[in-house]
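Subject: The structure I promised you

Hi there,

Here is the structure we talked about, with its sequence alongside. Have a look at it first, and then read on for what I found.

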Amino acid sequence: MISKISTNTNEPTARFSLSLQDMVLCGMFAALMSVISQLSIPMPSGVPITIQMFGIALMGSVLGSRRGFLAAFTYILIGAVGLPVFSNMRGGIHILTNVT
């Protein structure tokens, strides 16, 4: 009996898996984001100017797209839970749904 060899290239070959090193890097960059978000310039409109955009660009360039997304998502998630990691030591889901 002759076995048929599949040459279908549309099948996913590997899933994205995180190693311990990837998880530590994502956590470290989430911590870096929480530190640099405290450096802010208050504005009269209520939305402060921070260095967070630089942090997001740094995450994407150093970690890559998938790990950078996970680091940013981790930062937003720990802020939404209520830890004061957003600008001016604020946290909570209401900060994400507010003007800022």
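**Overall make-up**

Please keep in mind that this is a predicted model. The protein has four helices and two strands. Starting at the N terminus, the order of the elements is α-β-β-α-α-α. Of the 100 residues in the protein, 22% are buried. If you take the contacts between residues at least 6 apart in sequence, 49% of them join residues at least 24 apart.

**How the helices meet**

Two packed helices are described by the angle between their axes and the distance between the axes.

Let us begin with helix 1 (residues 20-36) and helix 3 (residues 65-81), whose axes come within 8 Å and cross at roughly 50°. The two helices are therefore oblique to each other, and helix 1 passes helix 3 in a right-handed crossing. On the helix 1 side, the contact is made by Asp-22, Leu-25, Cys-26, Phe-29, Ala-30, Met-33 and Ser-34. Helix 3 brings Arg-67, Leu-70, Ala-71, Thr-74 and Tyr-75 to this contact. Sorted by class, the residues of the contact are eight nonpolar, two polar and two charged.

Next come helix 1 and helix 2, with axes that come within 9 Å and cross at roughly 165°. With that angle, helix 1 is roughly antiparallel to helix 2. Here too the crossing of helix 1 past helix 2 is right-handed. Helix 1 takes part through Leu-25, Phe-29, Leu-32, Met-33 and Ile-36, while the residues from helix 2 are Gln-52, Gly-55, Ile-56, Leu-58, Met-59, Val-62 and Leu-63. This contact of helix 1 with helix 2 has ten nonpolar residues, two polar ones and no charged ones.

The last pair is helix 2 (residues 52-63) with helix 3, where the axes come within 6 Å and cross at roughly 145°. Helix 2 passes helix 3 in a right-handed crossing. From helix 2, Gln-52, Ile-56, Met-59, Gly-60 and Leu-63 meet Ser-65, Arg-67, Gly-68, Ala-71, Ala-72 and Tyr-75 from helix 3. The residues of this contact divide into six nonpolar, four polar and one charged.

In soluble globular proteins, nonpolar side chains tend to be buried together. In this model, the largest nonpolar core has 13 residues, and those touching the most other members are Phe-29, Met-33, Met-59, Leu-63, Ala-71, Tyr-75 and Phe-86. At least two residues of this core come from each of helix 1, helix 2 and helix 3. Helix 1 gives the most, with five residues.

Apart from its neighbours within four places in sequence, Met-33 is in contact with Gln-52, Gly-55, Ile-56, Met-59 and Tyr-75.

**Three residues to look at**

Which residues does Asp-22 touch, not counting those up to four places away in sequence? They are Ser-17 and Arg-67. Asp-22 lies in helix 1, and its relative accessibility of 12% means that it counts as buried.

Leu-18 sits in the segment before helix 1. With 36% relative accessibility, Leu-18 counts as partly exposed. Leaving aside neighbours within four places in sequence, its contacts are Met-23, Arg-67 and Leu-70. Leu-18 and Arg-67 are 49 residues apart in sequence, and their C-alpha atoms are 8.7 Å apart in space.

Finally, Val-85 is found in the loop between helix 3 and helix 4 (93-97). Is Val-85 buried or exposed? Its relative accessible area is 9%, so Val-85 is buried. Not counting residues up to four places away in sequence, Val-85 touches Ser-34, Ser-37, Gln-38, Tyr-75, Ile-78, Gly-79 and Arg-90. For Ser-37, which is 48 residues from Val-85 along the chain, the C-alpha separation is 7.2 Å.

Happy to go through any of this together.

Best wishes

Methods
Residues numbered from 1 in each chain as written. Predicted model: local features only at pLDDT ≥ 70, side-chain atom pairs only at ≥ 80, totals over all residues. Heavy atoms only, no water. Axes fitted to C-alpha atoms, helices over the stretch in contact; angles between N-to-C directions. Parallel < 35°, antiparallel > 145°, perpendicular 65-115°, else oblique. Left-handed = near helix turned anticlockwise from the far one by under 90°. Contact = heavy atoms within 4.5 Å. Nonpolar A, V, L, I, M, F, W, Y, C, P; charged D, E, K, R; others polar. Buried < 20%, exposed > 50% of the residue type's maximum accessible area, 1.4 Å probe, protein only. Core = buried A, V, L, I, M, F, W, Y, C linked by side-chain atoms within 4.5 Å.
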